[in-house]
Amino acid sequence: MIAVIRFGGSNCDRDAVRALETVGVDADIVWHEDGLPADTEGVVLPGGFSYGDYLRAGAMAARSPILNDVREAAESGTPVLGICNGAQIGCEAGLTPGAFTTNRSARFQCEHVNLRVERADTPWTAAYDEGDVVEFPIAHGEGRFEIPDAELAAVEDENRVLFRYCDADGNVTDDANPNGSKHNVAGLLGADETVAVMMPHPERAALPLLGGTDGQGVLEAFA
């Protein structure tokens, strides 16, 4: 069972469950105070506004006791995916480097964006080919990926970037960067390839009735 963790303020938890079930994965919502169930085979930290984004996005949820369970699960090889607010939580909890902060525009942005697949040899991107351009929606006010230059160099050297914002032809440009993220980073890996965070929403691009299924490939990592 894939545990989709619900915090106060989560609003994409049910979306994640439905999208996972669409790709044949059993998933259920787990209230953060209850801890991870014994049969957990994967974890999703969903989008939303946990704790109202007080202090800064993801900071309070990252200090919830269930994140200790998530870290232990990740260290044992359990796949963990943080999406949008879940990505902010993942960074705040140290699952991945860097942080997500206020958009360059200083506004909330909700739109479809193009992403270039940087690697196709991870569980999260195995359904794609390197260089593929996929379309996912974003919905965030604090989606700008920031990281000290030395740490960013290490992330790049270790080939830990999964997706970059790009134009429809796969060109990584500043104009194609919706929020000002460094190096156009839209998603990246933790120290282990079983842990990933991303700001765009694959679960909102997994159902045909929502207009596209490009996001199914990410969720198939749990299959």
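The legends below describe close-up views of a predicted model. Local features are reported at pLDDT of at least 70 and side-chain atom pairs at pLDDT 80 or more, whereas totals for chains, interfaces and linings use all residues. Residues are numbered from 1 along each chain as its sequence is written, and side-chain values use heavy atoms, with hydrogens and water left out.

**View 1. The nonpolar cores of the model.** A nonpolar core is here a set of buried Ala, Val, Leu, Ile, Met, Phe, Trp, Tyr and Cys residues joined through side-chain atoms within 4.5 Å, where buried means under 20% relative accessible area, exposed over 50% and partly exposed in between (1.4 Å probe, protein chains only). The largest core has 46 residues, and those touching the most other members are Leu 20, Leu 81, Trp 124 and Phe 163. Another core, of 20 residues, lies apart from it and includes Ala 3, Val 30, Leu 95 and Val 195.

View 2. Leu 95 belongs to the loop between helix H3 (85-92) and strand S5 (99-101); helices (H or I, at least four residues) and strands (E, at least two) are DSSP runs, numbered from the N terminus. Leu 95 counts as buried because its relative accessibility is 14%. Leaving aside residues up to four places away in sequence, its contacts (heavy atoms within 4.5 Å) are Leu 45, Val 70, Arg 71, Ala 74, Val 80, Gly 90, Gly 190, Ala 191 and Val 195.

**View 3. Helix H3 and its cover.** Seven of the eight residues of H3 are buried, namely Asn 85, Gly 86, Ala 87, Gln 88, Ile 89, Gly 90 and Cys 91. The elements that cover these buried residues include S3, H2, strand S4 (80-83), S5 and strand S11 (195-198). After H3 comes Gly 94, with a positive phi near 80°.

**View 4. Helix H1 and its cover.** In helix H1 (residues 13-22), the buried residues are Asp 13, Ala 16, Val 17, Ala 19 and Leu 20. Strand S1 (2-6), strand S2 (27-31), S3 and helix H5 (216-219) are among the elements that cover them. Gly 24, which follows H1, has a positive phi near 85°.

**View 5. Strand S9 and its partners.** All six residues of strand S9 (residues 161-166) are buried. Two strands are taken to pair if DSSP finds at least two bridges between them. Strand S6 (residues 109-117) runs antiparallel to S9 and is joined to it by four bridges, with Val 117 opposite Phe 163. Strand S10 (residues 185-189) also pairs with S9 in the antiparallel sense, over three bridges, and here Phe 163 stands opposite Gly 187.

**View 6. Positive phi values outside glycine.** Ala 106, in the loop between S5 and S6, has a positive phi of about 60° although it is not a glycine. Ala 106 counts as exposed because its relative accessible area is 60%. Asn 159, in the loop between helix H4 (149-157) and S9, has a positive phi near 55°. Asn 159 counts as partly exposed because its relative accessibility is 40%.
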